[in-house]
Amino acid sequence: MNETATPAVEIERVTKTYGTTTAVDDLSLVVPRGAAYGFIGPNGSGKTTTLRMIMNILYPDRGGVRVFGDTLRGSSTDRIGYMPEERGLYRKMRVRDLLEFYGGLKGNGDVVANVTDWLDRLELAEWADKKIETLSKGMSQKVQFIATVVARPELVILDEPFTGLDPVNTEVIRNAILGLQAEGTTVIFSTHDMSMAEKMCDFIFMIFRGRKVLDGTLSSIQDEYGSDTIRLRTGEGAERLRTLPGIEHVTDFGQVQELRIARDCDPQQLLGRLVGVTTITSFEITRPSLHDIFVRIAGPSATEVTDA
Amino acid sequence: MPKLLRVALREYKATVKTKGFLLALVLAPILMGGGAIGMAIFESRVDTTDKVLAVIDRSGRVADAIVAAADARNASMLYDDEGRQVAGTYTIDVRTPAAARDEQLLRLSNAVRGGELHAVVEIGPGVLHPRDVGSAGTIAYYAENPAVDDLRSWVARPVNDELRRLRLLEAGVDPADVPDAFDWITPAGLRLVSRDPETGAIGGAERSTELEAILLPIIPVMVLLMMIMMGASPHLQAVTEEKQQRIAEVMLGSIEPFPFMLGKLVGGVGIALTASAVYLVGGILTVEYMGWGAFIPYSLLPWFLVYMVAAVAMFGALGAALGSACNDATEAQNMTLPSILPVMIPIFVLIPVVTEPSSALATGLSLVPLFTPLLMLLRQGTPEGVAAWQPWVGLAGILVTAVIFVWIGGRIFRVGLLSQGTPPKLGTILRWAVRG
């Protein structure tokens, strides 16, 4: 297999346990090169453990992980940039010194020039000589992001990169990630922001209780669930909808309501019934959103779905 | 630059560029020197307080001699040649022994407590021939702090001189015929005689002093202790902090745990070398300037440096391993004692080892790798020295132990850094060490 055809990450039947708890259970996954791969799942489902195994920080109990075709166990990970969920920066160091230190550890390219470039791109140039402890949370997070990408890694792993960021900085980081992907970098990131995952990811992987429950493009995942979702706007809100036959679940977003209908329910007949009980200003038959799919799997009634 | 050295350089800079390091560099010798100066000041400060000693002479034989000795002392020893008072007067208050002994002692003790008397000395009735009379042949000294009391030491001589004089008289010898009968000659401590390798002449033995025998060997040990404290001890807190602030996880994304820890240890060694260079160069220049250059044990310097590097690596690995098992500063605080205990144990035995450097205890302890750096250095610094093989065996032990500590520490470090929640028990830490 030639170098470019090799997937960025191959996880084969990996299991990782902590004592009696199985964090990751017989997981297999392939991340193609150049893809943006979103890891989603409830807290404690095994996302971070999986990311740490890719990073070679944790070793699987069974199975294997290959990055760019190599088994990393015991070796360095200079081709990977990793940003953990909880940020880790030496608070007493100055921004530039810290970035040059982290970049230097990877040792790819001209770190000094890269640091200057990234500080400019993320509008942190004037903070270059400040100590980390003087930065705001958002700035620290941007510094952590730069530390992850400054050595020009071929694979970037970001654990919850948008947590705690305001909308402006979220946009800055989002654009930076997309820029990296456009340059050919493979990006894996975990997130609880489903809309972000929908917008940014070529592939989405969901892990629940240590097992893979979703893996594919957004479209293919939605196809699995069919067009069982109706998005509508009503004059009287969601309350009158809940008792109608054929409606399994109602999600009220305020201005918009989303209905999940039974498999044998005809949307045309349902529209007729809806018109009888409320004023309909908008009616759209659609596929379920990622958020809806997530809730179906990981919500209170998730067991039935995931076991099916 | 290799990753390990990058980590080492960061550790080094992070410490030596701080105000705390510079402050410690300056303050440590000042504090230690200050202690010595304090001792010197206290030593030169003489007690010129007048003291009254009550004497109950149940033998009826020595009270007058004590009074005479006190008078002689007061006449000749209160002032030095320049007229400065260097001692207080001793006044002897001879009391008639009362039938109610306990009441008399209580009364006099209260007088001591009230400040009217300094102490009470009670001469037993059988002191002239004490061997077969039990408690009747003893002398008791009652005071607020009798264990450390110059007057107690002083009074012993006139009492015993008089008793000896009386014993000679009983034996029919006139003490005046042998005026030097009680002269006491203390042997002068001299180093062994040796032949000069260049001239072939047999050299005169040099006088050995307490300074040379005790103080000089201890100085490099204390400097080494400081270096261990500066280069190795901070690892425990620093690693815990890195773990708590998730820096460790970021680092592990770039460097494997073992070189990461090794880099920290190398940084620690660099810090110790820097500080020791400052102290050694500064110390040597100062001592040479003061004209005491002959006392500098230059032959110990290589051993000092080797012991220091090995000790910082050994204790640094221990600190880093324990630090990685802690979740926060409080847990790290609790681990501080076990981490520095191997460093402190040699300090507890410094005096017995320096006074008997060739004893089995001193030799045995100095060959225990954890204690070797401090105790072998101490023994090597004594005038007696050690057998040539001992430092080499000790060094081999240290190096093997340092490698084992670094290896095991690295395994604990790797697992411990990512562990969260309840602090691990000793069994868990040992399991990490075995399984990695």
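Let me start with the loop between strand S7 (155–159) and helix H5 (167–182) of chain A, where Glu160(A) is found. Helices here are DSSP runs of H or I of at least four residues, strands are runs of E of at least two, and both are numbered from the N terminus. This is a predicted model, in which local features need pLDDT of at least 70 and side-chain atom pairs count only at pLDDT 80 or more, while totals for chains, interfaces and linings use all residues. Residues are numbered from 1 along each chain as its sequence is written, and chains are lettered from A and ligands numbered from 1 in the order in which they are written.

Back to Glu160(A). Its phi is near 55°, a positive value in a residue other than glycine. Most residues other than glycine have a negative phi. Is Glu160(A) exposed, partly exposed or buried? Glu160(A) counts as partly exposed because it has 19 C-beta neighbours inside 10 Å. The cut-offs are these: buried means 20 or more other C-beta atoms within 10 Å of the residue's own, exposed means 12 or fewer, and partly exposed lies in between, with C-beta atoms placed from the backbone.

Arg246(B) is not a glycine, yet has a positive phi of about 65°. Arg246(B) is found in the loop between helix H7 (234–244) and H8 of chain B. With 18 other C-beta atoms within 10 Å, Arg246(B) is partly exposed.

H8 of chain B comes up again at the contact between the chains. That contact takes 18 residues from chain A and 16 from chain B; two residues are in contact if their C-beta atoms, placed from the backbone, lie within 7 Å. Which helices of chain B supply at least two residues each to the side that touches chain A? They are helix H1 (3–16) and helix H8 (247–252). H8(B) gives the largest share of that side, five residues. By type, the side of chain B that touches chain A divides into seven nonpolar, three polar and six charged residues. Nonpolar means Ala, Val, Leu, Ile, Met, Phe, Trp, Tyr, Cys and Pro; charged means Asp, Glu, Lys and Arg; the others, Gly among them, are polar.

Next, a helix pair inside chain A. The axes of helix H2 (residues 95–106) and helix H3 (residues 111–121) of chain A come within 9 Å and cross at roughly 130°. Axes are lines fitted to C-alpha atoms, for helices over the stretch in contact, and angles run from 0 to 180 degrees between N-to-C directions. On the H2(A) side, Arg96(A), Leu99(A), Glu100(A), Gly103(A) and Gly104(A) meet Val111(A), Val112(A), Asn114(A) and Val115(A) in H3(A). The residues of this contact divide into four nonpolar, three polar and two charged.

Chain A has ten helices and 14 strands, and chain B has 16 helices and six strands. The C-alpha trace of chain A spans about 70 × 45 × 40 Å along its principal axes; that of chain B spans about 95 × 65 × 45 Å. Buried residues make up 38% of the 308 residues in chain A and 34% of the 436 residues in chain B.
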